[in-house]
Amino acid sequence: MAPRKKPDDEAPAKKKPAARAPKKPSAAAAKKAVTAVEKAAAAPPRKRTKATAETPAGDAPVTRTPGRSLVIVESPAKAKTIEKYLGAGFKVLASYGHVRDLPPKGKQRGEDVVGIRIKEGWLPRYVVVDRGAGKGGRKFKSAEEILAELKKEADKSSMVYLATDPDREGESIAWHICQALELEPERTQRITFNEITKTAVQRALANPSAINDMRVQAQEARRLLDRVVGYPLSNLLGKKVTRGLSAGRVQSVAVKLIVDREREIEAFKAEEFWKITALLSPEGKVKFTADPSKAKVYAKKKGAPVTAAAATAEVPEQTDDDPDAPAAKEAAPKIPAGSFQAELVKWQGAEFTSDNEAKTDSIFEVLNKAAFTVIKVDQKDEQRRAPPPFTTSSLQQAANLRLRLPARITMSLAQELYQGVQMGSEGSVALITYMRTDSTRVSDDALKMVRDFIPQAYGPQYLPEKPNFFKSGKSAQEAHEAVRPTDLSLTPARVQPYLSPDQHKLYTLIFNQFVASQMMPAIVAMTAVEIEAAGDGGTGFFRASGSIEKFDGWRKVSPPAKQDDKILPPLTEKQKLDKLDLTASQHFTQPPPRFNEASLVKTLEKEGIGRPSTYATIISTIQSRGYVKQEQRRFFASEIGKVVTDLLVKHFPEVINVKFTSHIEEELDEIESGKVDYKAVLDEFWTPFSRDLMLAEEAMPKQKGVETGEACPRCGRPLVEQYSSKTGNKFVGCSGWKEKENPCKYIKPGEGEAERPEPVLTEHKCPTCDKQMIQKVGRFGTFLACAGAPECKTTMNIGADGKPVVTSKVTQHLCEKCGKPMMLKEWKGRYFLGCSGYPGCKSSMDADADGNPVKKVETGVNCEKCGSPMVVKRGFRGPFLSCSGYPKCRNAKPIPAELKEKLKDALPPAPDRKKVPDILVDMPCPQCGSKMKLCNARGRYFLGCSSWAKTKCKGSMQIDPESVEKLQKAAAEAPA
């Protein structure tokens with residue numbers, strides 16, 4: 001997988017590691033490029049440094065191979081796929097993303113912000129990227145070593161092709177590589193392709209171009225702008241609020257959207273309203289006995305826990321399929337065949353509204369005795385046009401709603417599908433086109449491919465006479481095609497054996513959306529019926545609507561998330577109807593729905609905040625900084641998020657502003673098109689911003705260290721208010737927490753919390769260093785920690801017999817990935833070795849109680865995707881087979897019965913999972929109306945739809961612990 005794109009906002013945080021690199025070159029090879037790298041790092045922007053091709057500084061003469069070409073891409077996975085298409089005469093290497101960037105720290109003389117001399121005309125200082133240790137603690141090849149390898153191959157080649165990603169950032173990376181390697185213009189070409197197929201790559205090589213300086217300028221302007229906003233604001237927040245915070249031109253505006261929505265919800269006042277619904281049927285056609293006890297339905301109080309005794313329930317304020325739905329909907333009741341429901345819309349000639357029960361009851365009494373007659377039937381066919389193929393943002397939204405994938409995971413999976421996956425003897429095959437796009441455009445070749453595919457796969461009736469075309473957003477750059485499959489012969493069924501479950505789900509979504517986009521419209525027959533209810537005390541008018549799908553069209557391939565056809569019986573004007581039942585229901589208006597990832601991405605795109613390629617990073621950043629948190633897939637603004645937003649909006653109203661952020665994106669587009677000068681754009685911003693920054697240094701009030709007027713009960717020092725960037729909340733603690741002598745870490749308990757006990761020295765000795773153990777209270781209760789911490793990381797728990805049990809201690813075993821000592825740990829009776837470098841390195845292996853690694857089980861099974869041996873791993877549901885090539889290959893599958901029997905003595909035991917009582921609850925599913933049942937997921941009880949196994953309905957509700965106990969007790973007492 002390629003290195004993750006840089007975030008849209010800049011903050012002085014520790015640099016994220018890049019992707020894993022292949023084997024390091026020799027020290028001599030690394031030293032060879034040092035001179036060129038150092039010179040390139042200090043080079044001015046966009047001015048190529050010409051070097052002697054045959055004799056680089058400090059090196060022996062280089063002999064170029066005629067006809068030999070070097071192709072430089074960003075990702076090693078992409079390099080592998082492309083090299084397969086090019087064959088002899090081409091060498092394909094990866095830069096692993098950025099090779100140079102602004103320095104993360106170390107402000108030099110003359111720089112207004114780290115790495116930027118604003119007063120000298122916005123001169124940036126670029127340095128070679130320090131990639132650091134990577135994910136899982138793996139040691140990466142440094143940027144200097146990568147550049148040394150690239151330079152060595154470039155010097156041997158007669159032509160160098162820069163094939164970085166086809167976007168602004170890719171253009172910028174290509175320019176930086178050109179500068180760092182001192183490539184001559186006459187033997188350097190830029191090539192781009194939207195899909196990694198043999199045809200696309202060969203077409204790109206046949207049509208090379210020069211690096212687009214305007215695109216490089218636009219990307220550099222974004223980079224400099226984010227730096228001069230992010231660094232000063234982050235430093236300011238660190239002084240005024242707490243350490244570890246960040247701010248930025250885009251991320252702070254995204255937080256503001258969530259905070260504003262939170263405030264709307266807090267200020268919202270629910271208003272009561274009533275509905276009257278009639279269950280009707282043609283006269284004499286349906287027999288039905290109404291239940292008078294259910295003639296009136298009261299709304300369940302919002303926020304109350306679901307109990308077993310509840311008679312009715314409303315769906316939560318918003319559903320996953322419709323994140324923007326503003327109001328709750330009742331669970332759809334089951335109605336007898338041949339009948340239909342109609343709602344009262346007019347009473348005595350005026351629109352029906354009722355905000356109280358008494359008024360509703362008076363009208364209800366009249367209508368309950370009224371005669372119902374059809375007065376109008378309106379029938380017409382409506383077309384449902386096919387949806388456009390995916391852009392980056394619409395793909396993220398659909399994956400979040402339909403597959404429940406976070407934007408970050410969606411983009412990671414899409415990157416893997418774009419770069420290529422191993423397909424057995426076919427080798428690495430790229431399955432989709434470039435996934436960072438805001439265009440719905442499709443190439444002529446792709447149109448021909450899909451129009452040939454549709455008649456063969458679904459029949460000629462599904463192919464429209466002319467191709468469907470779609471309008472892109474107003475800010476779309478139209479630089480790429482929409483996200484689509486590269487080859488429709490690679491159907492989801494064909495590629496499934498080679499993909500992980502999540503990869504397959506995402507590919508299926510992309511495949512079906514693209515095919516559906518070029519199919520015939522669906523045709524739906526719509527029926528609207530108006531009904532008169534005439535009684536002695538007045539006349540009401542009811543309305544009912546229904547639809548029947550006459551032709552599925554594109555829905556055959558990609559059915560909508562909700563397709564709930566309401567079929568009405570045949571009705572004619574002046575037809576008499578039987579009133580089978582009449583129901584009055586109470587409702588309350590709902591506050592605006594909270595954002596989930598899909599609706600937040602939709603709003604960011606609508607408001608022009610950031611670019612689609614940055615949405616995933618924005619969402620991850622605002623959560624990691626503690627500004628927002630996600631619960632049940634909904635965003636909640638934290639206390640610190642509100643405070644920071646209020647401070648920034650007050651002191652920087654022109655910057656922390658949706659319109660300003662959108663305006664900057666438009667100006668970046670204009671820089672790329674050559675309409676404006678990028679330095680003029682930066683100057684226009686910096687002049688007022690620097691003034692506001694100076695004023696805020698003095699005027700912004702400090703939020704941390706504010707004394708409460710109370711004294712610490714332990715040491716007598718003043719108590720002060722502080723903010724935690726980890727939890728996002730405010731707390732009151734002792735002001736002496738950072739004193740060198742006698743520090744006090746007392747924290748005042750919050751409302752309803754018990755006071756945290758002070759650490760107590762115990763008589764137990766540390767088994768590692770023989771120091772005394774200290775009793776502390778953590779997230780999971782009381783535990784023992786070594787007095788020599790943090791040097792000694794041994795921890796213990798008190799067992800059932802009152803004796804200490806080691807839960808974590810250092811062993812003599814070293815991590816296979818990063819070389820650090822492994823820690824023996826115990827969790828729920830399971831012993832394992834975990835790397836002491838956690839969370840940087842997450843390596844682990846099973847162990848016995850003495851800390852000795854458990855020998856891996858030899859399965860004799862090889863991965864069908866990559867050929868690596870399959871190993872046994874322990875999961876929540878028990879042991880399973882996993883590819884030893886993880887994470888490069890993510891293949892996993894259950895252990896076959898015959899192998900399970902063969903290895904029964906060597907397999908780890910299955911987890912002890914308590915069986916959930918099979919209890920049906922007298923409560924309808926909010927999605928399909930079936931009964932709910934008690935369920936358990938990872939120790940958490942909830943109510944789930946009883947028809948899940950048959951219909952895959954995912955209706956669920958929370959349940960309070962008291963109701964769980966009652967249900968379990970009732971199940972235990974029930975007769976067998």
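How are α7 and α18 oriented to each other, roughly parallel or roughly antiparallel?

1. The model is predicted: local features need pLDDT of at least 70, side-chain atom pairs count only at pLDDT 80 or more, and totals for chains, interfaces and linings use all residues. Residues are numbered from 1 along each chain as its sequence is written, and side-chain values use heavy atoms, with hydrogens and water left out.

2. The axes of helix α7 (residues 213–240) and helix α18 (residues 658–673) come within 7 Å and cross at roughly 150°. Axes are lines fitted to C-alpha atoms, for helices over the stretch in contact, and angles run from 0 to 180 degrees between N-to-C directions. α7 and α18 are therefore roughly antiparallel to each other (angles over 145 degrees count as such).

3. To this contact (heavy atoms within 4.5 Å), α7 contributes Met214, Arg215, Gln217, Ala218, Ala221, Arg222 and Leu225, and α18 contributes Ile664, Glu665, Leu668, Ile671 and Glu672. The residues of the contact divide into seven nonpolar, one polar and four charged; Asp, Glu, Lys and Arg count as charged, Ala, Val, Leu, Ile, Met, Phe, Trp, Tyr, Cys and Pro as nonpolar, and the others, Gly among them, as polar.

4. Leucine 417 lies in helix α11 (residues 407–419) and is buried, with a relative accessible area of 0% (buried means under 20%, with a 1.4 Å probe and protein chains only). Not counting residues up to four places away in sequence, Leucine 417 touches Ala430, Leu431, Ile432, Leu499, Gln503, Leu506 and Tyr507.

5. Of the 976 residues of the chain, 48% count as buried.

Definitions and conventions: Helix = DSSP H or I, 4+ residues; strand = E, 2+ residues; numbered from the N terminus. Parallel < 35°, antiparallel > 145°, perpendicular 65-115°, else oblique. Buried < 20%, exposed > 50% of the residue type's maximum accessible area, 1.4 Å probe, protein only.
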